[in-house]
Amino acid sequence: MTLRIFLQSVVPRPSILPIAISVSIRTITTSPGVLAKALPPRPKPPPESEIEEAYVKGSGPGGQKINKTNSAVQLKHIPTGIVVKSQATRSRDQNRKNAREILAQRVDDLRNGDQSRAAIVGHVKQKKAASASKKSKRKYKKLEEEKAAAAATVTGQAESKVPDGKLESEEHESNRQADEVVPSTDTRI
């Protein structure tokens, strides 16, 4: 898919000189494979004839206002018996809208099962999490292998033979002992 954008700019000049016009063309290319798979559309709420609506007092955090007013919305889907309560905000209208969306999602889950939008979205999230976990495990496994390889090369070099027949690690040990300072018994300073 190619999209071409034409940009024109007109520079005002005195009436004696002609008007200068500059045109630039930019091409933007996208491949269809880059675009994400479309999820199923959001489910529509059931018709009003299938819903029983009640306004109830809220509870929990939010202060005295929540506890005194009937701003929480409780919906019951009559054919299935699903009951949903929404108390997301202090506004009754927003809670009604929110409750209808939740009810539509629950009815969709019940009717479509694994083919519902919520199930598909959950499956996609699980796949992304599993992929990220695998990537992390591969990364740390590779780091451990590199550390082990580096340690093996260091120990291989440390045990290489020195011309006089001693191992290099033995020679370092004897040098270290010679370099140590022996404390004197003289207490004068």
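A pocket is here an open set of points on a 1 Å grid over the protein atoms alone, where a 1.4 Å probe fits, with protein on both sides within 12 Å along at least five of seven lines; lining residues have an atom within 4 Å of a point.

The model is predicted: local features need pLDDT of at least 70 and side-chain atom pairs count only at pLDDT 80 or more, whereas totals for chains, interfaces and linings use all residues. Residues are numbered from 1 along each chain as its sequence is written, and side-chain values use heavy atoms, with hydrogens and water left out.

**Pocket lining**

The lining of the largest pocket comprises 13 residues, and Arg42, Pro43, Glu101, Gln105 and Arg117 lie nearest its centre. Two or more residues of this lining come from each of helix H2 (92-112) and helix H3 (117-158). Helix H2 gives the most, with seven residues. Helices (H or I, at least four residues) and strands (E, at least two) are DSSP runs, numbered from the N terminus. By class, the lining has six nonpolar, one polar and six charged residues; Ala, Val, Leu, Ile, Met, Phe, Trp, Tyr, Cys and Pro count as nonpolar, Asp, Glu, Lys and Arg as charged, and the others, Gly among them, as polar.

**Sheet**

Three strands form an open sheet in the order S3-S4-S5, with antiparallel pairing. Strand S3 (51-56) and strand S5 (82-86) are the edge strands, each pairing on one side only. Neighbouring strands of the sheet are turned by 20° against each other on average, direction ignored; axes are lines fitted to C-alpha atoms, and angles run from 0 to 180 degrees between N-to-C directions. Two strands pair if DSSP finds at least two bridges between them.

| Strand pair | Bridges | Direction |
|---|---|---|
| S3 and S4 | six | antiparallel |
| S4 (residues 72-77) and S5 | five | antiparallel |

Ile51 has His77 in S4 as its bridge partner, and Gln74 has Lys85 in S5. S4 and S5 form a hairpin with four residues between them, and Gly81 in the turn has a positive phi of about 85°.

**Charge over a ring**

The charged end of Arg92 sits over the ring of Tyr55, 4.1 Å from its centre. This term requires NZ of Lys or CZ of Arg within 6 Å of the ring centre and within 35 degrees of the ring normal.
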